[in-house]
Amino acid sequence: MGIDKLLDGVKTIAVVCNQWGDTGKGKFTDYLTADWADVIARGTGGNNAGHTVVVNGKEKVFHLLPTGIAHDSAGKITILGNGMVIDPLALVAEIDELNRECATYNNLMISKDAHAIMPWHIATDRAKYQSQSDGGIGSTGKGIGPCYEDKIGRRGITIGHLLNRDVLAEKIKRAKETHPEQQIDVEKVISDLTPAIERITPFVRDTVNEMHDFIRAGRHVLLEGAQGLLLSIEHGTDRYVTSSDCSLNGTASGVGISAKAIDLPLGIVKFPFMTRVGAGPFPTEFAGRDQEDYCAEGLKHDIFYEAKVYLGMPLDLAEVRGAQQKRNRTFLESLEREVKSYIAQHRDKIVDLFNNGSEFEQGVAIRLAAGEYGTTTGRPRRTGWTDAVAARYAVGINGPKLILTKVDALAGMREFNITCEYAIGEHVTSEFSRESGSLRQVQPVNITYNGYGEIRDIRDYDNLPRSLRRAISDFEHLTGGEVVIVSVGPDRDETIVR
Ligand code: GDP
Ligand code: IMO
Ligand code: MG
């Protein structure tokens, strides 16, 4: 079809995730911003997100800022929408990083109505929701859930409130009453936040009205989803979810527009494997509970551990742990680059792990091959086959147009599976239940396909291996979706538009 045909007559696009996050929203926001979008807006979540952009092999990660900020110097406008929860200190840290890189952010807009993550939200999140033991959900510990709790409880503090010292003091005093378990020192909170508030004040706007103006003026508007449908508070795997509605509808309302105003909703799925980070049901997970428990140990099983133990890379783990404790970012970032280059050079070892018959090690190998470690937390992401039952459910909510990502990562695997149905005892179903207890009961029913080799250089859909094309066609039939883009690498160019 080609990108021009896909975008013909389109004024508004949303890129959302149809799984449990980390499907490449960053890559596709960047892809569509480079030549198309004028305005890029995020509507949900906060710095629990980690969106990666790769340009000419160079990686950049954003947590709060929409990835469109990388195109600020080209005059593109980036908006942090009303549905977001914003930690002012984290936002300033991200802006500081742009400063260090001499990147601009002149066209940034921050919604006055977005809610502010306050120190007690972070403390509560860490104490109540970050752990994965005893049924804990394994939150990112950024204060997201408690901040949304205050928003829904009509006692939240918005970015607009931060700008007026008296209003802010009053709001914090009330927070002290509603959070008696927290040691809130009103004056200290204000003085700690003041420098950050001063930094962000020039960017605060009524972004909902701005959005309406952009749409009325016919500008190209791109919504950058965060998290994923299966993590949505409305539609995700209850209660192992985040606290915003990260569906297409929630993303639209999070920037102040109707989902009906979106001409081209694009739902991303990783294919033919998928991931989940944090706790919760994952029917197609390799080695089931064994992998879930292993990944629940978080950084103990990070990329450094797995490269050493499963690929035999000579690494001094004690030195790594020391650097992690001291937060020696420069050392760790450089070591991570070394690990990634080691993985690329030892593809034969990955391929051995893919094909040695151990489901658990197949899961580890995919994690290593595809770099599946949390962008925000460094935790290992759990891996499993792409689930057409869950994707069919997602298509029902986010619409039929699909982008498949990370397809290149399984090069060299002898065969791969797609889950087409769930079995519950004698009964089979293609209906997805968001009820976590039910999802824990199902057994995936798979279709197996022959594996494929390197596909990163392919740019024409018809040149993809036959078994892969057959799997994609079956996936479309199973889900009711229509695959419009296949991504064969992290770089902007490594993209096939059908
Ligand atoms: P997001 O949260 O949806 O933006 O995704 P993340 O950035 O957390 O994780 C996706 C990762 O996959 C990033 O490191 C991307 O650079 C990378 N990526 C995106 N698309 C592809 C692809 O098609 N192939 C490969 N190998 N990597 C990809
Ligand atoms: P992006 O936008 C993957 C998960 C956490 C946890 C649950 C609740 O990069 O795809 P929270 O801190 O939000 O209260 O945690 O949601 N989670 C994500 N998983 N990608 C994300 O964002 C996520 N944001 C939150 O791991 O299980
Ligand atoms: Mg991510």
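This is a predicted model: local features need pLDDT of at least 70, side-chain atom pairs count only at pLDDT 80 or more; totals for chains, interfaces and linings use all residues.
Residues are numbered from 1 along each chain, chains are lettered from A and ligands numbered from 1 in the order written, and side-chain values use heavy atoms, without hydrogens and water.

| Residue | Atom in the residue | Distance |
|---|---|---|
| T140 | side-chain N or O | 2.6 Å |
| V277 | backbone N or O | 3.1 Å |

Taken alone, ligand 2 exposes 550 Å², and the protein buries 97% of that. Accessible areas come from the Shrake-Rupley method with a 1.4 Å probe. Ligand 2 is surrounded by 20 residues, each with a heavy atom within 4 Å. K25, H51, T140, Q227 and T242 are the closest.

Now to helix α17, residues 388–398. Helices are DSSP runs (H or I, at least four residues), numbered from the N terminus. Eight of the 11 residues in α17 are buried, meaning under 20% relative accessible area (1.4 Å probe, protein chains only). Among them are Y393 and N398. At the start of α17, a side-chain oxygen of D387 comes within 2.9 Å of the backbone nitrogen of V389. Just after α17, G399 has a positive phi of about 95°.

How values were computed. A polar contact is a pair of N or O atoms within 3.5 Å; within protein, one must be able to donate a hydrogen and the other to accept it, and residues adjacent in sequence count only if both atoms are side-chain atoms. Buried means under 20% relative accessible area, exposed over 50%, partly exposed in between (1.4 Å probe, protein chains only). Helices (H or I, at least four residues) and strands (E, at least two) are DSSP runs, numbered from the N terminus.
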